[in-house]
Amino acid sequence: MNKRKTITIYSRPKSLGGLPMHYCAGCGHSLVHKLLAEVMDELDIRGRTIGVAPVGCAVFAYFYLKCDISEAAHGRTPAVATGIKRALPDRIVFSYQGDGDLAAIGMAETIHAANRGENIAVIFINNTVYGMTGGQMAPTTLLGQQTPTCPTGRKTATMGAPIRICELLNTLDRPFHIERVALDGVPGILKTRKALLTAFKAQKEGKGYTFVEILSPCPTYFRRSPNDSLQFVKNELGKYFPVRLFRKEGVVVHD
Amino acid sequence: MMGNEAVAEGAIRAGCRFYAGYPITPQNELTAYLAKNLPERGGSFIQAESELAAINMVFGASAAGARAMTSSSSPGISLKQEGISYLAASQLPAVIVNVQRGGPGLGSIDPSQADYFQATKGGGHGDYRIIVLAPMSVQEMHDFTFKSFSLAEKYRVPVMILADGRLGQMMEPIFLQQGPPPRSPEKKWTLTGAKGRKPRCIRSLLVKEGELEKHNYVLQECYRKIERNETRFAEFHTSDCDVLVAAWGTGARIARGAVLAARARGIKAGLFRPITVWPFPRARLAALASKARTVLVVEMNCGQMLEDVQISVAGARPISFSGWPGGRIPGETEILGEIIRAASKVKCSQSR
């Protein structure tokens with residue numbers, strides 16, 4: 001008989017806990033959590049990584065990720081991350097934020113942490129809505145998109161246009177890496193994993209501020225099936241928020 | 001040394017290794033002193049983009065185990081209240097300095113004691129307390145700041161230094177704290193990376209049934225312990241006084257002179273001064289008041305500590321109040337006038 005050897009080609013990442021996730025079916029958060037855990041495993045940094053969770057759906061990140069995690073007041077996530085990193089400069093510190101947390105209430109903290117070039121990784125989940133509170137309009141809600149607080153669709157005249165955060169941060173001198181990716185299918189997921197890997201590798205090497213925006217499905221408040229939500233991310237979000245690398249190793253590669 | 005600088009130097013000597021602040025008068029010398037001296041002496045200084053960011057940076061540094069401080073003046077302290085509530089909820093030690101100015105709103109940049117309620121009755125949302133120390137001299141600005149870091153760590157609570165613009169701006173000779181910083185208790189809660197142990201989390205969102213209730217009882221138990229162990233006050237000529245003056249901070253410093261002046265005129269006045277305005281020294285005040293004929297509360301506000309005095313004295317003696325709300329510092333003779341008036345009222349009522 002031939003000797004057969006079992007090779008594991010896929011397993012649950014060690015940095016991901018065993019709890020079933022509370023996220024809705026098709027939600028991008030659970031995917032990003034898994035990718036984050038894989039990246040922590042691959043770089044072998046779980047034991048010296050400290051995360052900061054936002055106010056929003058991902059506030060419970062500490063139930064799932066097996067690294068040290070702090071909550072933060074709504075929007076103050078980069079400020080808390082700044083304090084942690086300054087106190088412990090040799091640790092890997094990331095903030096994980098949604099569009100309300102990062103681009104509305106926490107815009108000042110977002111811009112100034114980037115402008116100081118704090119040595120942190122910022123992960124920005126852009127799903128265009130406030131998921132936890134009922135799908136209200138976010139700064140990134142698309143024009144015409146309906147939410148409980150723009151029931152007839154977002155209009156420029158009274159609500160402004162969606163904010164493109166990567167482009168905004170790309171005007172600053174200090175960021176080391178700025179990239180937008182999209183969870184819009186398998187290639188998008190793999191690209192997201194790669195972007196996170198780049199961001200955390202830069203952290204490990206102490207290179208500076210890294211920012212990864214992830215266009216992410218929220219089927220519940222897109223009011224679409226998980227599958228249609230991926231298409232919505234690809235066709236609608238991707239059209240307004242172009243998926244690309246903006247800055248690489250401190251150099252602007254796309255304006 | 002200037003009061004603001006004495007606070008900053010006290011913090012460095014106490015082992016403060018992280019400071020984040022935002023410009024506001026009359027505390028700017030404190031920030032400038034730390035900008036210059038903290039990095040040179042092994043700490044991290046950040047001028048934050050706002051008071052909100054500053055207090056939350058302190059939150060992060062404290063979560064990571066560093067002795068951390070922020071400072072501001074009244075309007076800025078209002079902005080920090082959210083962060084203070086989160087610090088209290090998450091049981092994180094931190095030191096917050098309020099160099100009070102006149103309010104409400106932008107108020108003025110003159111000294112005031114109008115943030116007593118905010119400092120001692122909660123300030124932010126939720127059921128919590130913080131230790132509030134009220135200095136009355138530059139020496140105490142220095143010493144109380146030095147002490148506050150170990151107090152904060154001992155109980156895992158925020159500690160506030162409740163000063164005012166006069167204390168921040170005035171200069172006095174002082175003795176600097178000597179020796180190494182006080183040792184920290186073992187911190188089994190800090191976020192340092194989960195290597196070799198279970199992951200930790202710092203949080204204040206407790207949504208499981210009964211979880212928050214339990215947490216609140218834990219906090220309350222800690223506050224009762226602080227009340228038992230850390231209530232501080234000072235007394236001046238209280239053993240035989242007819243008129244017991246109750247005042248704190250700068251108000252107490254001026255009242256002390258007025259008490260002496262009253263005694264020179266044959267009025268037996270004494271001064272009771274809470275050093276911790278929370279926990280408030282109720283029992284001692286009640287005991288002293290019962291021996292006096294009347295109580296006079298003096299504050300640079302419209303009557304805030306007055307309410308704690310009323311609760312403590314519980315109607316046992318008449319209480320009068322004399323306040324200066326507009327950012328003006330009362331003179332000794334003005335307080336002396338109030339003492340004479342208070343004394344005459346009791347005599348009147350007795351002669352009828």
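**A buried strand and a helix pair**

In strand β4 of chain A, residues A:A121, A:I123 and A:I125 point one way while A:V122, A:F124 and A:N126 point the other way, and all are buried (20 or more other C-beta atoms lie within 10 Å of the residue's own, with C-beta atoms placed from the backbone). Please keep in mind that this is a predicted model, in which local features need pLDDT of at least 70 and side-chain atom pairs count only at pLDDT 80 or more, while totals for chains, interfaces and linings use all residues. Residues are numbered from 1 along each chain as its sequence is written, and chains are lettered from A and ligands numbered from 1 in the order in which they are written.

Because 6 of the 6 residues of β4(A), residues 121-126, are buried, the strand is largely enclosed by the rest of the structure. Strands here are DSSP runs of E with at least two residues, and helices are runs of H or I with at least four, numbered from the N terminus.

What does β4(A) pair with in the parallel sense over 5 bridges? Its partner is strand β3 of chain A, residues 92-98, where pairing requires that DSSP finds at least two bridges between the strands. A:Q97 stands opposite A:F124 of β4(A). Strand β8 of chain A, residues 210-215, also runs parallel to β4(A) and is joined to it by 6 bridges, with A:L215 as the bridge partner of A:N126.

Turning to chain B, helix α10 (residues 282-291) packs against helix α11 (residues 305-313) at an angle of about 65°, with their axes 8 Å apart; axes are lines fitted to C-alpha atoms, for helices over the stretch in contact, and angles run from 0 to 180 degrees between N-to-C directions.

Notes
A residue is buried if 20 or more other C-beta atoms lie within 10 Å of its own, exposed if 12 or fewer, and partly exposed in between; C-beta atoms are placed from the backbone.
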